[in-house]
Amino acid sequence: MDLLNTLVDKGLRRELPTREEALAVLATSDDELLEVVAAAGKVRRQWFGRRVKLNYLVNLKSGLCPEDCSYCSQRLGSKAEILKYTWLKPDDASKAAAAGVAGGAKRVCLVASGRGPTDKDVDRVSETISAIKEQNEGVEVCACLGLLSDGQAGRLRAAGADAYNHNLNTSEATYGDICTTHDFSDRVSTVQQAQAAGMSACSGLIAGMGESDGDLVDVVYALRELDPDSVPVNFLIPFEGTPLAKEWNLTPQRALRILAMVRFVCPDIEVRLAGGREVHLRSMQPLALHLVNSIFLGDYLTSEGQAGQDDLAMIEDAGFEVEGTDTTTLPEHRRPGCDGAADETAAETAAAEAPAATVPTPSDETRRDLVSVRRRGAGTDLPPNA
């Protein structure tokens, strides 16, 4: 297929595809799916070999968020029957993190619900970062605490935070449809603050909220412009008790096409398969490893994931290997201090207008059995899944 040959060539040169090419990937048929995966896999292997980076989530504070993000089980007014608890003590958070590290995780992601941290919250998280780093040599720590105020990014960096996560989630044009308590520019600003403070930026999206192909392409191009080091791709988990509970728009095939499109647009960036992979990819998860080079191990914030040992077996059976702490994830040209930024000469072409595809028709079948609320790990007396 000429399209795929073009995209592979561009990916190997770190050249930005046109917006039309990205849309065309999403429009490919199920009959062409394996060709799409194989093509994007060539780009993935060029920059990341067959390594898979493991990340582990620790939910420091669950539920009771004042923001109204429609996709979130922790949102204001959520009736989802999730775990709710206030801040974990640093030692308890460190113990939770240790379970993930023991399971093979290279990065620990510390997440707290809320609009953003207070200065006291930053102090608390700083203590947690120190405790984790003292007990787990070589582990990376990423903080995800919401919108940052002036000076907070620098304080987190000084405390030892290697990265900061704040997702764009959807396109700027449709952001107001999923959240009214803050806007798209607030999220962009927080990512930029993290970068300015010297932290590695982690920012991604959520697919399956009823968006069009055009919306998906727009948010991925916005992410490419922000130039984060990692891009988590989440697939909506339609929790009962949230406004998007009926949004079951994804098939395993569509999820794979979305991942392939992200890889072509972000060829040398860590693309992480994140929340919702078990729900929407199901038995086709191993194919996704040919597109992404990073996954979350075990459970998520408020939902349970596949057993950690099953994750490890899947990686091995698919012919990949877990990335060790002695290996640098990003290609050399993207590491701090290196002069080798991706060629942006095609950026103007990428901004060209193209007709957006229609929103996919939701499935008639709602698979409530696939959404499993987390009842173990942080905030409970039960051991975590790692």
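Here is a short chat about reading a few features of this predicted model.

User: Which ground rules apply here?

Analyst: In this predicted model, local features need pLDDT of at least 70 and side-chain atom pairs count only at pLDDT 80 or more, while totals for chains, interfaces and linings use all residues. Residues are numbered from 1 along each chain as its sequence is written, and side-chain values use heavy atoms, leaving out hydrogens and water.

User: Is L64 buried or exposed?

Analyst: Buried means under 20% relative accessible area, exposed over 50%, and partly exposed in between (1.4 Å probe, protein chains only). L64 has 67% relative accessibility, so it counts as exposed.

User: How do I check the length of helix α5?

Analyst: Helices are DSSP runs of H or I, at least four residues, and strands are runs of E, at least two, numbered from the N terminus. The expected span is 1.5 Å times one less than the number of residues. Helix α5 (residues 119-135) has 17 residues, so it should span 24 Å; its end C-alpha atoms are 25 Å apart, which agrees.

User: Where do nonpolar side chains tend to go?

Analyst: In soluble globular proteins, they tend to be buried together. A nonpolar core is a set of buried Ala, Val, Leu, Ile, Met, Phe, Trp, Tyr and Cys residues joined through side-chain atoms within 4.5 Å. The largest one here has 101 residues, and V58, L156, F235 and F264 have the most contacts inside it. Helix α10 (residues 252-265) gives the most to this core, with 9 residues.
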